[in-house]
Amino acid sequence: PMKKIILSLALIIASTTAFSQVTVSPGIKTGLNLANLTNVDNSKTKLGFQGGLFVNIHLANFYELQVETTYSNQGTTIEYRSHSSGFDPGTRYEDDLNLEYISLNLANKFFPIKDLGLNFIVGPTIDILVNSGEYNDILPIDFSVFGGLGYEFPFGLGLELRYKQGLIDVRDDYYDYYDEDDFYNRDNILNGVIQFGVTYKFDFSR
């Protein structure tokens, strides 16, 4: 019994020590997206904006949970060429397929080296579509996962590089309708985004 009591006390002390530095800090973030959609013919990466607010929960020296609400501009750029005739190769032009989402991200941040701001980031995202322009056949919700690297400076500034991968086809009627068009085929059309971010975490405890 005495050994069990000592072990229980040791576990309580260890847990208290590990989580004694719990702090909650709000913050803001902004950055750029390099977005594309898989399996869309003649498409290329589109530049977009992302930014929003977060609440950072510092639970231990090695772990932080960050709840984020962000705006994320995604989609792709599709290249077209008008009909060619004779020596006329036709005119090339581009059209942006803009997919604008409000995203809820749960970022798990792991710090492998004590007192160093380097961290690994991983987590899930729920994306709610708020605008798709003239494309009215886009699914209103997407589920994604992301991972990346970040660095937090002691004065609150942070830099991040993430990759976010959509998990479900973006077409609203994907499971009900198929044809031979490049936008309706049996290959999944998924969001894929490289995200460069700058964050600032406010510390009101100072």
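Two strands are said to pair if DSSP finds at least two bridges between them, and on that basis S6 and S7 pair in the antiparallel sense over 11 bridges. The model described here is predicted. Its largest pocket holds about 730 Å³ of space, and 12 salt bridges occur in the structure.

**Strand pairing**

**The largest pocket**
- The lining comprises 33 residues, of which His58, Glu64, Glu152, Pro154 and Lys201 lie nearest the centre of the pocket.
- Strands that each supply at least two lining residues include S3 (46-60), S7 (141-152) and S9 (191-201), while S1 gives the most, with 4 residues.
- By class, the lining has 12 nonpolar, 12 polar and 9 charged residues.

**Salt bridges**
- Glutamate 152 forms a salt bridge with lysine 201, with the closest N and O atoms 3.1 Å apart, and this pair links strand S7 to strand S9 across 49 residues of the chain.
- Glutamate 152 counts as buried because its relative accessible area is 17%, which falls under the 20% cut-off.
- Arginine 162 and glutamate 160, both buried, meet through their side chains in a salt bridge (3.1 Å, N to O).
- Lys29, Glu64, Glu68, Lys109, Glu152, Glu160, Arg162 and Lys201 are linked in a network of salt bridges.
- The side chains of glutamate 79 and lysine 44 meet in a salt bridge (3.6 Å, N to O); glutamate 79 lies in strand S4 and lysine 44 in strand S2 (residues 43-44), so the pair ties together parts 35 residues apart in sequence.

Terms used
Residues are numbered from 1 along each chain as its sequence is written. This is a predicted model: local features need pLDDT of at least 70, side-chain atom pairs count only at pLDDT 80 or more; totals for chains, interfaces and linings use all residues. Side-chain values use heavy atoms; hydrogens and water are left out. On a 1 Å grid over the protein atoms alone, a cavity is a set of points where a 1.4 Å probe fits but cannot get out, and a pocket is an open set with protein on both sides within 12 Å along at least five of seven lines; lining residues have an atom within 4 Å of a point. Grid points are joined across faces, edges and corners, and a volume is the space filled by probe spheres set on the points. Ala, Val, Leu, Ile, Met, Phe, Trp, Tyr, Cys and Pro count as nonpolar, Asp, Glu, Lys and Arg as charged, and the others, Gly among them, as polar. A salt bridge is a side-chain nitrogen of Lys or Arg within 4 Å of a carboxyl oxygen of Asp or Glu. Buried means under 20% relative accessible area, exposed over 50%, partly exposed in between (1.4 Å probe, protein chains only).
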